Structures are given as structure tokens and as C-alpha cells.
Amino acid sequence: MRRSLFILWALLAAPAFAQDVEGSADHPLVGRYEGSTIRAYEAREFDQVSVARAKDEVGKVEGAVTRLSYAYPPETALVQIARNFVLALEDKGFDILLNCDSRGECGAISYDVEQFGNSPSWADSFNFRYVMGTREGAEGVVHATLFLSENNGNALSVVTVTEEEAMAFRMIDAAEMQSEISETGRVALYGIQFDTDEATIKPESEPTLAEMAAFLTANPGLSVVIVGHTDNQGSMEYNLGLSARRAEAVRDALVSQHGIAADRMTHAGAGFLAPVATNTTEAGRALNRRVEIIAR
């Protein structure tokens with residue numbers, strides 16, 4: 001029986017289906033139920049999520065968050081989807097902390113946070129399922145939740161995956177850049193933010209740019225290479241080009257906004273060819289998306 005249920009859930013993230021919302025992808029730790037499609041998708045490097053680990057116990061977790069809204073094949077029973085989700089999580093090493101339905105098992109749990117991709121009235125409060133699992137491993141603590149209900153007889157769900165170790169990256173100041181360059185010849189910076197799939201630097205990057213300029217000003221004899229890095233989403237050629245454009249944008253900002261001589265800085269793009277973490281989780285991908293300064 002376990003095998004017959006389990007086979008319906010693909011553990012490995014499959015290529016996006018034609019009906020999936022553009023730019024979406026299954027989370028590799030969760031996969032998808034056979035025949036389902038992604039209606040809405042969001043991946044944030046850092047966010048907060050409400051989870052219920054037990055009846056009447058709702059708490060907050062923070063980290064890299066992936067949210068997906070799925071639609072399921074017609075006449076698929078909620079209990080079948082929920083059981084397959086549990087088996088899929090258990091196969092990936094998750095401990096199931098709560099597995100309940102609306103018949104008194106879940107208690108007074110607020111599911112307001114589970115409206116991602118849906119209208120506020122989409123869920124049937126008399127017919128839903130909730131599953132919450134946690135996994136602790138080398139990559140850190142990961143939480144996965146499923147909120148599943150029906151709308152006009154069709155099964156819909158919100159799947160949320162939170163990777164706790166992907167904390168907000170602390171800005172490195174000029175003194176720390178100096179220390180890292182002296183010790184290793186390079187420094188990785190996470191405070192330079194770009195628009196998605198663009199080389200446009202976001203305004204919140206200015207404090208890190210200012211610290212880069214302060215470091216270079218304090219070391220007038222130093223020449224550097226500014227290197228852009230991406231995660232592995234997309235082709236190698238695309239990411240090599242994107243990372244090079246982003247590195248060039250950083251160099252140009254340091255020249256035009258902070259008066260650093262252009263001939264002290266060259267730029268290059270490494271794409272996803274020099275990862276510092278796995279690309280199979282959002283936490284790892286967030287670590288791989290970075291700008292580096294390398295001393296020449």
C-alpha cells in the first residue's frame with residue numbers, strides 16, 4: 001500500500017510543465033503530485049512563515065522561503081494527496097510533526113498565511129488537510145507545509161518550504177574587506193542586489209557599494225577584478241552573460257558614483273561555474289548569487 005501511494009509523488013523536481021506558471025519550478029525537496037500544475041510561484045531569499053507544529057501551536061520560522069500553489073487532477077481525493085505528501089517528505093528525511101484535517105484534529109490554527117496564489121475564500125473550512133514536517137541535516141533546518149482544500153470540487157494547495165539557514169546576509173564593511181583580501185585574496189559580497197534576471201543594481205545596494213569604495217580608496221595601489229556569480233537556474237551561456245553584466249554594473253557604479261579610477265578595476269562573469277554551496281535548495285542558490293572582489 002505504501003508503494004502504491006508513494007509512486008504518485010515525484011520526489012525529484014521535474015521540468016516545468018506547459019501549464020505551469022512561467023518561471024516556476026518544483027522545490028527539489030518536495031517534488032510534485034503526478035498530474036498537478038503550478039498556479040502561482042514565489043521564491044524569497046529571506047522571509048517569515050507561520051507554521052503549526054502541533055494542534056493549537058502556531059509559531060514563526062525564518063529563512064529562504066519557496067511558496068507554490070498547485071492544482072490537482074479532477075476528482076483527486078484530498079486524503080490521497082496528503083498521504084503522498086507525507087510519504088514524499090518522509091523519504092527525504094523529514095519528521096512529520098502535524099498531519100491533520102478539519103475534523104477537530106488541527107485545533108484553532110489560523111491559516112491566513114496559506115492564501116498564497118488564491119483568493120481569501122478559496123478554502124473549504126470543513127474539508128481541508130494540513131501537513132507540517134521538519135528536517136535537520138548538514139544543510140540546516142528545513143520546514144515544509146501543505147495546506148490542501150477544495151474549491152468548487154477541485155483540489156488546490158499551498159506548499160511552503162522554509163530553509164532556516166538562509167539568513168539575511170550581513171553587510172561587510174571596508175575593514176572586513178581588508179581583512180578578507182589580506183588573508184585569502186578575495187572577498188564575497190552579498191549586499192549588492194539586482195533586479196531579477198537583470199544587471200540593474202537596486203538602491204539598497206548603496207551601503208555595500210560605499211564600503212567597497214572606502215576599501216579601494218584606502219588601498220590606492222590595489223587593482224582588483226570584480227566577478228559576478230549566479231545560481232544554476234538557466235543555461236550556462238545565459239548565466240555567464242548575466243554575471244558579467246552585473247560585475248560591469250558594479251564597476252561602473254564605483255566609477256560614476258564613488259570616483260574610483262576605472263583602470264584599477266576589471267570585471268568578469270563566472271556564471272554558476274564557481275558555486276560555494278549546493279544549487280538544489282534556495283538557501284544554497286542564495287549563497288551562490290554573489291559579487292566577489294579578487295586582488296590582482
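This is a predicted model: local features need pLDDT of at least 70, side-chain atom pairs count only at pLDDT 80 or more; totals for chains, interfaces and linings use all residues.
Trainee: Okay, and what share of the residues is buried?

Mentor: Of the 296 residues, 46% count as buried.

Trainee: What about contacts, how many join residues at least 24 apart?

Mentor: Take the contacts between residues at least 6 apart in sequence: 67% of them join residues at least 24 apart.

Trainee: Switching to rings. How many aromatic pairs are there?

Mentor: The structure holds 3 aromatic pairs. One of them is Tyr33 with Tyr72, an edge-to-face pair with 5.9 Å centre to centre and 70° between the planes.

Trainee: Where do Tyr33 and Tyr72 lie?

Mentor: Tyr33 is in strand β2 (residues 32-33), while Tyr72 is in the loop between β4 (57-71) and α2 (78-91), so the pair ties together parts that are 39 residues apart in sequence.

Trainee: Are those two buried or exposed?

Mentor: Tyr33 counts as buried, at 5% relative accessibility. Tyr72 counts as buried too, at 7%.

Trainee: Why is the pair of Phe128 and Phe147 called tilted?

Mentor: Their ring centres are 5.5 Å apart and the planes sit at 35°, so the pair is tilted.

Trainee: Going back to the tyrosines, which ones form one aromatic cluster?

Mentor: That cluster is made of Tyr33, Tyr70 and Tyr72.

Trainee: Which residues of α2 are buried?

Mentor: Among them are Leu78, Ile81, Phe85 and Leu89. In general, an α-helix has 3.6 residues a turn, so residues three or four places apart point the same way.

Trainee: And what follows α2?

Mentor: Gly93 does, with a positive phi near 90°.

Trainee: How many residues does α5 have, and how far does it reach?

Mentor: α5 has 23 residues and reaches 32 Å from its first C-alpha to its last, close to the 33 Å expected at 1.5 Å a residue. Just after α5, Gly259 takes a positive phi of about 70°.

Trainee: What covers the buried residues of α5?

Mentor: The cover includes α4, β10, β11 and β12 (290-295). The buried residues themselves include Leu242, Ala249, Val250 and Leu254.

Trainee: What do β10, α5 and β11 make?

Mentor: Together they make a right-handed β-α-β unit, with α5 covering residues 236-258. Strands β10 (residues 224-229) and β11 run parallel and are joined by 6 bridges. Gly228 stands opposite Gly269 in β11.

Trainee: Now loops. Where is Asn279?

Mentor: Asn279 is in the loop between β11 (265-271) and α6 (282-288). Asn279 counts as buried, at 14% relative accessibility.

Trainee: What does the side chain of Asn279 make a polar contact with?

Mentor: With the side chain of Asn288, at 3.0 Å. Leaving out residues up to four places away in sequence, Asn279 also touches others, including Asp231, Gln233 and Arg285.

Trainee: Last one. Which residue other than glycine has a positive phi near 65°?

Mentor: That's Glu75. Most residues other than glycine have a negative phi. Glu75 is in the loop between β4 and α2, and at 81% relative accessibility Glu75 counts as exposed.

Trainee: And what is the phi of Asp197?

Mentor: Asp197 has a positive phi of about 60° although it isn't a glycine. Asp197 lies in the loop between β9 (186-189) and α4 and is partly exposed, with a relative accessible area of 45%.

Definitions and conventions. Residues are numbered from 1 along each chain as its sequence is written. Side-chain values use heavy atoms; hydrogens and water are left out. Rings of Phe, Tyr and Trp (its six-membered ring) pair if their centres lie within 6.5 Å; planes under 30 degrees apart count as stacked, over 60 as edge-to-face and the rest as tilted. Helices (H or I, at least four residues) and strands (E, at least two) are DSSP runs, numbered from the N terminus. Buried means under 20% relative accessible area, exposed over 50%, partly exposed in between (1.4 Å probe, protein chains only). A polar contact is a pair of N or O atoms within 3.5 Å; within protein, one must be able to donate a hydrogen and the other to accept it, and residues adjacent in sequence count only if both atoms are side-chain atoms. Contact means heavy atoms within 4.5 Å. Two strands pair if DSSP finds at least two bridges between them. A crossover is right-handed if, with the strands pointing away from the viewer, the path from the first strand over the helix to the second runs clockwise. The expected span of a helix is 1.5 Å times one less than its number of residues.
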